[in-house]
Amino acid sequence: MTPAADSAYVAFEGDRRIGSGSLRDVARAAREALDRRQDASILIFESGSSAPVDIDLRGSVDDVLARIPPATIPADEETVVAAPRGPGRPKLGVVAREITLLPRHWDWLAQQKGGASVAIRRLVDEARRVNEDADRIRLGQEAAYRFMSAISGNRPHYEEAIRALFAADPRRFEKLIAEWPADVRDHTAKLAERAFRPEI
């Protein structure tokens with residue numbers, strides 16, 4: 001994963017959570033852990049999705065932080081004015097991207113009130129509304145599974161816990177991970193909350 005510097009991250013050294021927060025905070029904690037123990041096994045994840053994040057931890061803390069892009073790069077007005085304008089309405093958050101459809105889809109879209117863009121936005125909004133709970137559950141399952149696979153694959157009851165996660169059985173899941181190291185167990189349970197309670 002290519003890290004975004006202003007997202008939330010978490011770092012583990014083996015079974016122990018050593019940092020969370022911005023990418024810079026987590027990178028600092030990881031580098032300091034390596035300073036204490038050079039053979040430390042550090043894993044960094046994006047907090048919401050559990051996507052693994054690769055950071056170059058060579059050198060000092062300052063070296064590591066210097067390689068991380070700042071969270072926001074302010075653009076001066078001259079840069080904004082000079083930037084070429086593309087399709088879409090960027091000031092409104094509308095971004096033009098390419099989609100590929102069959103001729104019958106384009107024909108149908110051309111007949112819709114407001115044109116193709118309005119019709120597609122309406123369809124996407126409706127699909128998001130209808131599938132919101134299912135999507136939230138799926139994303140929660142995927143995040144928990146990704147983290148568990150990376151850090152808990154050799155723990156007791158791992159496979160049974162995965163089955164309980166995808167079977168939406170929170171009581172069994174919590175029981176199966178209860179003996180895992182505290183930081184791993186707590187983070188796993190937090191990730192799984194979305195899968196078990198879709199309103200979160």
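**Exercise 1. At what angle do the axes of helix 5 and helix 8 cross, and within what distance do they come?**

Before you start: this is a predicted model, where local features need pLDDT of at least 70, side-chain atom pairs count only at pLDDT 80 or more, and totals for chains, interfaces and linings use all residues. Residues are numbered from 1 along each chain as its sequence is written, and side-chain values use heavy atoms, with hydrogens and water left out.

Step 1. Find helix 5 at residues 115–151 and helix 8 at residues 182–196. Helices here are DSSP runs (H or I, at least four residues) and strands are too (E, at least two), numbered from the N terminus.

Step 2. Look at the axes, which are lines fitted to C-alpha atoms, for helices over the stretch in contact; angles run from 0 to 180 degrees between N-to-C directions. The two axes come within 6 Å and cross at roughly 160 degrees.

Step 3. So helix 5 is roughly antiparallel to helix 8 (under 35 degrees is roughly parallel, over 145 roughly antiparallel, 65 to 115 roughly perpendicular, the rest oblique).

**Exercise 2. Which residues of helix 5 meet helix 8, and how do the contact residues divide by class?**

Step 1. On the helix 5 side you'll find, among them, R136, L139, F147 and I151. Their partners in helix 8 include V184, H187, L191 and R194.

Step 2. Sort them: Ala, Val, Leu, Ile, Met, Phe, Trp, Tyr, Cys and Pro are nonpolar, Asp, Glu, Lys and Arg charged, and the others, Gly among them, polar. The contact of helix 5 with helix 8 gives eleven nonpolar, four polar and two charged residues.

**Exercise 3. How does helix 4 pack against helix 5?**

Step 1. Helix 4 spans residues 103–110, and it packs on helix 5 at about 100 degrees, with the axes 8 Å apart. That makes helix 4 roughly perpendicular to helix 5.

Step 2. By class, that's seven nonpolar, one polar and no charged residues.

**Exercise 4. Over which residues is the pLDDT below 50?**

Step 1. Start with the overall score: pLDDT (the predictor's confidence in each residue, from 0 to 100) has a mean of 84 in this protein, and 84% of its residues reach 70 or more.

Step 2. Residues 1–6 fall below 50, with 17 contacts beyond near neighbours in sequence. Residues 72–83 are below 50 as well, with one such contact.

Notes. Contact means heavy atoms within 4.5 Å.
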